[in-house]
Amino acid sequence: MLKDRLRQLRKTQPGLTQAKMAKYLGIAKTTYASYEQGNRMPDIEIQKEIADYFNVSLDYLHGRPNDLETLSKKQVSVASRVTEDLTDYQLTEIITFIEFIKNRPE
């Protein structure tokens, strides 16, 4: 599943080639290509760099559904509003607040 997600994510970025991804990761193009072909498994540090680059979780890279695939329509509506035109700082603040609400006693 990792190989499929790598290819899928890369293809969502216009002009992002295997060579460009390899350069970003500091590895050979053939090494990155072998990840997408399923012939090699990137080490955990490379996996983290890939996840950070595409702003996805390691779980998602390994085939688990992304958050939007598992959310209700109401949750998707809220999530789409939260991610529109926010700075990284604002998004971090919102996530922190959501965690606070989820963890407070009722």
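Analyst: Happy to; below, each label is set against its cut-off. Please keep in mind that this is a predicted model.

User: Thanks! Why is Arg-5 called buried?

Analyst: Buried means under 20% relative accessible area. Arg-5 has 8% relative accessibility, so Arg-5 counts as buried. Arg-5 belongs to helix α1, residues 2-11. Leaving aside neighbours within four places in sequence, the contacts of Arg-5 are Tyr-60, Leu-61, Gly-63 and Arg-64.

User: What makes Arg-5 count as lying over the face of Tyr-60?

Analyst: For an Arg, CZ has to be within 6 Å of the ring centre and within 35 degrees of the ring normal. Arg-5 is at 3.8 Å from the ring centre of Tyr-60 and is listed as lying over the ring's face.

User: Why is the pair of Tyr-32 and Tyr-35 called edge-to-face?

Analyst: Two cut-offs matter here: ring centres within 6.5 Å make a pair, and planes over 60 degrees apart make that pair edge-to-face. The count of aromatic pairs comes to three. For Tyr-32 and Tyr-35, the centres are 6.1 Å apart and the planes are at 75°, so this pair is edge-to-face. The two tyrosines are three residues apart in helix α3, so about one helical turn separates Tyr-32 from Tyr-35. Ring pairs also link Tyr-24, Tyr-53 and Phe-54 into a cluster.

User: Are Tyr-32 and Tyr-35 buried or exposed, and how do you know?

Analyst: Both values can be held against the 20% cut-off for buried. Tyr-32 has 0% relative accessibility and therefore counts as buried; Tyr-35, at 6%, counts as buried too. The buried residues of helix α3 (residues 29-37) include these two tyrosines, along with Thr-31, Ala-33, Ser-34 and Glu-36. The buried residues of α3 pack against α1, α2 and α4. After α3 comes Gly-38, with a positive phi near 80°.

User: Why is Asp-59 called partly exposed, while Asn-55 is called exposed?

Analyst: Asp-59, in helix α5, has 41% relative accessibility, so Asp-59 counts as partly exposed. Asn-55, in the loop between α4 and α5, has 68%, so Asn-55 counts as exposed. Asn-55 also has a positive phi, near 60°, in a residue other than glycine.

User: How far apart are Asp-59 and Leu-2 in sequence and in space?

Analyst: Asp-59 and Leu-2 are 57 residues apart in sequence, and their C-alpha atoms are 9.7 Å apart in space.

Conventions. Residues numbered from 1 in each chain as written. Predicted model: local features only at pLDDT ≥ 70, side-chain atom pairs only at ≥ 80, totals over all residues. Heavy atoms only, no water. Helix = DSSP H or I, 4+ residues; strand = E, 2+ residues; numbered from the N terminus. Buried < 20%, exposed > 50% of the residue type's maximum accessible area, 1.4 Å probe, protein only. Contact = heavy atoms within 4.5 Å. Phe/Tyr/Trp six-rings, centres within 6.5 Å; stacked < 30°, edge-to-face > 60°.
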